[in-house]
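Trainee: Could we go through this model together?

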Amino acid sequence: MRFSTYTTDGETFYGAITDAGAICLSPLFAEWPTLYDAVAANGLDTLSAAAEGRPVTHVSFSYEMVLPNAPRILCVGVNFPDRNAEYKDGSAQPEYMSLFPRFASGFTGHDRPLIRPPENHTLDYEGEVAIVIGKKGRRIRAEDAYDHIAALTLCNEGTIRDWVRHAKFNVTQGKNWDRSGALGPWLVPFRNASQLDEARIITRVNGEVRQDDYLKRMMFPVREEIAYISAFMTLMPGDIIVTGTPTGAGARFDPPRYLKPGDVVEIEVDGIGVLRNGVEDEQ
């Protein structure tokens, strides 16, 4: 079962996504006005049950960022061995993971364009798996971490590269341009460890494979990410953790291969799906 936030005829809904279309569920749950509210209430199983046997209600619709009102999105940076080597600074694997915040305004939905701003044209792609927390926790042990995951989704953690270099110790300003990245298309409920432990992530630009790796090669696996982050903050249902991108982002080519209008980026993980976005200049 897959769940998404979508818009049709000027109205926003959430529901189950099938190959034939969307099964609208939001009108059935007044207590959960958004998909984020359903996740926060541990309601994905209830949504699954409600969708069973119901007919498709919408065939034509536009995907939104999957949790457009998510208040907390944390990203893990430089989390694959080859990514660390890309920096060519001779550093070994770091002792601690790098973290930075992103905000919902910086993301768009599946099949919508990433927006390249006029101020700078170094828009880059980063294909990643994102996890959505389903169970509150503080100081979560790594061995218990998967018990706190509600769902998985995909992220294109689009970045304005020049702007992450504006300051010495933060990348926030290069990571939060409006609609520079994407989250979606949908949430896939997390049922077993293999969904992460055996996941292979592939990023294509105009059909060319640019990133191809396995999550099991991450320097800081998802279990450790949850344990580390929950040491300093209480993780809440609906929180999103973007887990890290493999080598092959556009900035690491010589010369760099940044995104331009007309490009199409696809991020694919078996068992989750494909997140696809074009690129347009800001109007």
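Mentor: Let us begin with residue classes: Ala, Val, Leu, Ile, Met, Phe, Trp, Tyr, Cys and Pro count as nonpolar, Asp, Glu, Lys and Arg as charged, and the others, Gly among them, as polar. The model is predicted, so local features need pLDDT of at least 70 and side-chain atom pairs pLDDT 80 or more, while totals for chains, interfaces and linings use all residues. Residues are numbered from 1 along each chain as its sequence is written, and side-chain values use heavy atoms, without hydrogens or water.

Trainee: How many cavities of 30 Å³ or more are there?

Mentor: The count is 1 cavity of 30 Å³ or more, where a cavity is a set of points on a 1 Å grid over the protein atoms alone at which a 1.4 Å probe fits but cannot get out. The largest cavity has a volume of about 30 Å³, the volume being the space filled by probe spheres set on the points.

Trainee: Which residues line the largest cavity?

Mentor: The lining consists of Arg72, Ile73, Leu74, Ile229, Met233, Leu235, Asp239, Ile240 and Ile241; a lining residue has an atom within 4 Å of a point. Strands S5 and S16 are the elements that give two or more residues to this lining. Strands (E, at least two residues) and helices (H or I, at least four) are DSSP runs, numbered from the N terminus.

Trainee: What is the class make-up of that lining?

Mentor: The lining of the largest cavity has 7 nonpolar, no polar and 2 charged residues.

Trainee: Turning to helix H6, which of its residues are buried?

Mentor: In H6 (residues 222-232), Val222, Glu225, Ile226, Ile229 and Ser230 are buried, that is, under 20% relative accessible area with a 1.4 Å probe and protein chains only. These residues lie on the same side of H6, because they cover an arc of only 115 degrees around the axis, judged by the directions from the axis to the C-beta atoms.

Trainee: What about the buried residues of helix H2?

Mentor: In H2 (residues 44-51) they are Leu44, Leu47, Ser48, Ala50 and Ala51. Their arc is only 165 degrees, which puts them on the same side of H2. They pack against strands S1 (3-8), S2 (11-18), S3 (21-24) and S11 (149-156), and against helix H1 (35-40). Gly53 follows H2 and has a positive phi, near 80 degrees.

Trainee: Is His110 buried or exposed?

Mentor: His110 counts as buried because its relative accessibility is 8%. It sits in the loop between strands S7 (107-108) and S8 (114-116). Beyond its neighbours within four places in sequence, His110 is in contact (heavy atoms within 4.5 Å) with Tyr63, Pro185, Val274, Leu275, Arg276 and Asn277.

Trainee: Where is Gly273, and which residues does it touch?

Mentor: Gly273 is in strand S18 (residues 273-281). Not counting residues up to four places away in sequence, it touches Leu154, Trp186, Ile267 and Glu268. Phe13 is 260 residues from Gly273 in sequence, and the C-alpha atoms are 21 Å apart.

Methods. Buried means under 20% relative accessible area, exposed over 50%, partly exposed in between (1.4 Å probe, protein chains only). On a 1 Å grid over the protein atoms alone, a cavity is a set of points where a 1.4 Å probe fits but cannot get out, and a pocket is an open set with protein on both sides within 12 Å along at least five of seven lines; lining residues have an atom within 4 Å of a point.
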